[in-house]
Amino acid sequence: MTRDDYERRMARAGAAAAEAGLAGLIVAPGPDLVWLCGYRPTAVTERLTALVIEPGRPGRLLVPLLERPDAEHAAGAGALEVVGWADGTDPCAELGRWLAPQGRYGVSDGMWALHLLGLQRTVPQGRYGALTEVLPMLRAVKDAYEVERLAAAGAAADAAYQDILGVRFAGRRECDIAADLARLLREHGHSQVDFTVVGSGPNGADPHHEAGDRVIEDGDMVVLDFGGLKDGYGSDTTRTVHVGQPGAEERTVHEIVREAQQAAFEAVRPGAACQDIDRVARRVITSAGYGEYFIHRTGHGIGVTTHEPPYMVEGEHLPLVPGMCFSIEPGIYLPGRFGVRIKDIVVCTEDGGRRLNRTGRELAVVS
């Protein structure tokens, strides 16, 4: 990413803000700030840092004076005006002078209440809305560079899965397998591991089970859900394996989930509503008699974070457009018994969908 790349992103964000009827954006430290200008503060503290983007003008980045040298070395800093504020002065007053007195601004979801409340006192007639609500598609449509970064992260997660299939499961704790997955993700290039869900036996019926001390037994279904960041972009994949040969019901439930995931993938096309992807997957599972056990949405967007818009869920009418990247992850969770989930990251293309995870979706048998 070059200075010009970031300049184009900020210009695009300003244009999107204008189209949404906003005076501009106020971006706090976090994924939006990194995506827009490449600046990631060494530490996020009570000292205010904020990027202001308004349509038709260069962005302005307000930072603590002692952090200005670092900010000026960010990849996109050359396309910005970087302004430092000194301890003992009021940064909200400085920021307020940049804003339209009665303007409506989109604000990063992660902005501290301390800073937003200070800004509201300084600009009392200003109006503010969370970026996820007022500009949900800001990062949702990826360019070719971003898609390839996501593909590389997906390939690294796939490699970790292939390696974990050769690890012994029976007689080891869930947390041991989770540690193996974290190590493998890093060995395959991840700089950050966000989660390693290992849900064995009845724990697999909890979609976000935190790997614990349960000893995995022969005959267990095991849900493996893991991901993180590689070169700044996310991976997120799920496969369900079985320790030893599975029984008939386990095979049946797994096949229903596989069919639901495949049907949802085949429904991906430009113009389809996000909720349509959820409906297709849910229809397969409900028709098989397990609808009450599919207890979460079918998918979520992914990019510089592992969860972001768009969401594949009932009530989300946004149409898919080429470049949107998201998970497709139906599941069935039988309380006290076992769970099954299969997840791939998919990108919407001009022709349909492209999977960024390529490992087998069949029920794998491990030892």
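Is Tyr 145 buried, partly exposed or exposed? Tyr 145 is partly exposed, with a relative accessible area of 34%. The cut-offs are these: buried means under 20% relative accessible area, exposed means over 50%, and partly exposed lies in between, with a 1.4 Å probe and protein chains only.

Some ground rules before we go on. This is a predicted model, where local features need pLDDT of at least 70, side-chain atom pairs count only at pLDDT 80 or more, and totals for chains, interfaces and linings use all residues. Residues are numbered from 1 along each chain as its sequence is written, and side-chain values use heavy atoms, with hydrogens and water left out.

Let's start with the rings. The structure holds 2 aromatic pairs. Tyr 145 and Tyr 233 form an edge-to-face pair, because their planes stand at 80 degrees, with the ring centres 6.5 Å apart. This pair links distant parts of the chain: Tyr 145 is in helix 7 (residues 144–164), Tyr 233 is in strand 9 (residues 233–234), and 88 residues separate them. Tyr 233 counts as buried, at 5% relative accessibility.

Then there is Tyr 290 with Tyr 293. Their ring centres are 6.3 Å apart and their planes are at 55 degrees, so this pair is tilted. Tyr 290 counts as buried at 16%, while Tyr 293 counts as partly exposed at 25%. The rule covers rings of Phe, Tyr and Trp (its six-membered ring): centres within 6.5 Å make a pair, planes under 30 degrees apart are stacked, over 60 edge-to-face, and the rest tilted.

A word on names. Helices (H or I, at least four residues) and strands (E, at least two) are DSSP runs, numbered from the N terminus.

Next, charges over rings. Back at Tyr 145, the charged end of Arg 149 sits over the ring, 5.0 Å from its centre. Arg 355 places its charged end over the ring of Phe 265, 4.1 Å from the centre. To count, NZ of Lys or CZ of Arg must be within 6 Å of the ring centre and within 35 degrees of the ring normal.

On to helix 8, residues 174–187. Which of its residues are buried? They are Glu 174, Ile 177, Ala 178, Asp 180, Leu 181, Ala 182, Leu 184 and Leu 185. The buried residues pack against helix 7, strand 7 (192–200) and strand 8 (221–230). After helix 8 comes Gly 189, with a positive phi near 105 degrees.

What does strand 10 pair with? Strand 8 runs antiparallel to strand 10, joined by 6 bridges. Val 222 stands opposite Val 241 there. Strand 18 (residues 364–366) pairs with strand 10 in the parallel sense, over 3 bridges. His 242 stands opposite Val 365 in that pairing. Pairing requires DSSP to find at least two bridges between the strands.

Now the loop between strand 8 and strand 9, where Asp 231 lies. Asp 231 has a positive phi of about 50 degrees, although it is not a glycine. Asp 231 is exposed, at 52% relative accessible area.

Let's move to earlier residues. Gly 24 lies in strand 1 (residues 24–27). Gly 24 is buried, with a relative accessible area of 0%. Gly 24 and Ile 53 are 29 residues apart in sequence, yet 5.4 Å apart in space, C-alpha to C-alpha. Leaving aside neighbours within four places in sequence, the contacts of Gly 24 include Ile 53, Arg 104 and Tyr 105. Contact means heavy atoms within 4.5 Å.

Arg 104 stands opposite Arg 127 in strand 6. Strand 5 (residues 104–107) and strand 6 (residues 127–130) run parallel, joined by 4 bridges. Strand 5, helix 5 and strand 6 make a right-handed β-α-β unit. Right-handed means that, with the strands pointing away from the viewer, the path from the first strand over the helix to the second runs clockwise.

Helix 5 (residues 113–122) holds His 115. His 115 is buried, at 9%.

Last item: which peptide bond is cis? The bond from Pro 309 to Pro 310 is, with omega near 5 degrees. Pro 310 has its place in strand 12 (residues 308–312).
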